[in-house]
Structures are given as C-alpha cells and as structure tokens.
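I opened the model to look up a few places and note what I found. The entries follow in the order I worked.

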Amino acid sequence: MHIAIISVGKLKEKYLKLGIEEYAKRLSAYAKIDLVEVADEKAPENLSVADMERVKQKEGERILAALKSDQHVVALAIDGEMWSSEKLAQKLDQWATYGKSSVAFVIGGSLGLSDAVMKRADEKLSFSKMTFPHQLMRMILLEQVYRGFRINRNEPYHK
C-alpha cells in the first residue's frame, strides 16, 4: 500500500519532527509512506473573510497539484465522519483489497481546506470536534495509521 500525507506548512518543531520520523519508520514495514509538505500562504494576522478564502484557495491549489489522479483522497476536516481506530483499520484493509492502494490523507493549514480540495476528497475524516494544531495532526494521523496496520495484522499494540 502507498500512503501519502499531504500537509500545509513546514514543520519546525523538533519534537514533532522526531515523533513523525519515528511513526514513519515504524510504518515503513507495512506501507510506502510519503510525507509531502506544500507551502502555506503568508497572511497578515487580521484577515477578512475574503482574505481567508484567498489563502485557502492558494493552499488548495498547491494541495491539488500534489495529488495524483489515482489516489483515494481522505480530507481531515472537523465536519468529517469520526472513525474509531478499528474503523480506520477496516478502511485501510478495504482500500488495499479493492484497488485503492494509493491513499492520500490531506491536512490543511490553520484556516482549513479549500472547497476545491473538499470536492476532490473521496472521504472526510474528523479526529474530534476539537481543533488541533495542523502540525500535530501529522503525528496523530501517522500513529493512527500505524495502529490500524497493527490491528489488521493482529499484532500487539497498547490500547
């Protein structure tokens, strides 16, 4: 299976980089992992609604350019469907079994994802009604994908 994590912005925090590297290394036994960063759009602190949409649109164009036409796209969105770890494991298994072995998870910037990216998404996934820093979501997502593969292989992993 080939899994891409496409996210907006450059990761600067060393502790997050280390965690992401660790889960990407663990996942490499189960799937090919690509971590793709697209540039975030520079914006002033106080944005108008129109400015916010412009920023999301620009970031969305970069995300769409990074996606491949054959990828099954899962957008992380607060209004998406909430899955348990077991449900994510089932999804990973279904995608691999039914010809969707190239999956891209998309994490937007601080303003979220553009309408164009949401339309391109095959599924929308929410980790919580809470808002998380988009940089932290990379590590949380990788950990959950790793957990999903462990569940599917009946391998031990802490609960």
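**Entry 1: serine 114**

I listed the contacts of serine 114, leaving aside neighbours within four places in sequence, and got Lys56, Gln57 and Gly60. The model is a predicted one. I placed serine 114 in the loop between β4 and α4 (115–120). Is serine 114 buried or exposed? Its relative accessibility is 8%, so I count serine 114 as buried. I also checked serine 114 against leucine 11, 103 residues away in sequence. Their C-alpha atoms are 21 Å apart in space.

**Entry 2: proline 44**

Next I looked at another loop residue. Proline 44 sits in the loop between β2 (32–38) and α2 (49–66). Its relative accessibility is 52%. The cut-off for exposed is over 50%, so proline 44 counts as exposed. I then took the distance from proline 44 to serine 84, C-alpha to C-alpha, and got 37 Å. In sequence the two are 40 residues apart.

**Entry 3: helix α1**

I turned to α1, residues 14–27. Which residues of α1 are buried? I found Leu16, Gly19, Ile20, Tyr23, Ala24 and Leu27. Seen down the axis, these buried residues fall within an arc of 130°, so they line one face of α1. The general rule is that an α-helix has 3.6 residues a turn, so residues three or four places apart point the same way. I noted what the buried residues of α1 pack against: β2 and α5. On the face turned away from the buried side, I found the exposed residues Lys14, Tyr15 and Lys25.

**Entry 4: helix α3**

I repeated the check on α3, residues 85–97. This helix has 13 residues. From first C-alpha to last it reaches 18 Å, close to the 18 Å expected at 1.5 Å a residue. Its buried residues are Ser85, Leu88, Ala89, Lys91, Leu92 and Trp95. They cover an arc of only 160° around the axis, which puts them on the same side of α3. I looked up the partners of that buried set. They are β1 (2–8), β3 (72–82), β4 (102–107), β5 (123–126) and α5 (134–152). Just after α3, I noted that glycine 99 takes a positive phi of about 80°.

**Entry 5: alanine 89**

Which residues does alanine 89 contact, beyond its neighbours within four places in sequence? I found Gly148, Ile151 and Asn152. I also took the C-alpha separation of alanine 89 and arginine 153, which is 9.7 Å. Along the chain the two are 64 residues apart.

**Entry 6: α3 against α5**

How do the axes of α3 and α5 cross? Two packed helices are described by the angle between their axes and the distance between the axes. For this pair, the axes come within 8 Å and cross at roughly 75°. That makes α3 roughly perpendicular to α5. From α3, the contact is made by Ser85, Glu86, Leu88, Ala89, Gln90, Leu92 and Asp93. From α5, I listed Gln144, Val145, Arg147, Gly148, Phe149, Ile151 and Asn152. I sorted the contact by class and got six nonpolar, five polar and three charged residues.

**Entry 7: α5 and what follows**

In the segment after α5, I found asparagine 154. Its phi is positive, about 55°, although asparagine 154 is not a glycine. Is asparagine 154 buried or exposed? With a relative accessible area of 73%, asparagine 154 is exposed.

Conventions:
Residues are numbered from 1 along each chain as its sequence is written. This is a predicted model: local features need pLDDT of at least 70, side-chain atom pairs count only at pLDDT 80 or more; totals for chains, interfaces and linings use all residues. Side-chain values use heavy atoms; hydrogens and water are left out. Helices (H or I, at least four residues) and strands (E, at least two) are DSSP runs, numbered from the N terminus. The expected span of a helix is 1.5 Å times one less than its number of residues. Buried means under 20% relative accessible area, exposed over 50%, partly exposed in between (1.4 Å probe, protein chains only). The arc is that of the directions from the helix axis to the C-beta atoms. Contact means heavy atoms within 4.5 Å. Axes are lines fitted to C-alpha atoms, for helices over the stretch in contact, and angles run from 0 to 180 degrees between N-to-C directions. Angles under 35 degrees count as roughly parallel, over 145 as roughly antiparallel, 65 to 115 as roughly perpendicular and the rest as oblique. Ala, Val, Leu, Ile, Met, Phe, Trp, Tyr, Cys and Pro count as nonpolar, Asp, Glu, Lys and Arg as charged, and the others, Gly among them, as polar.
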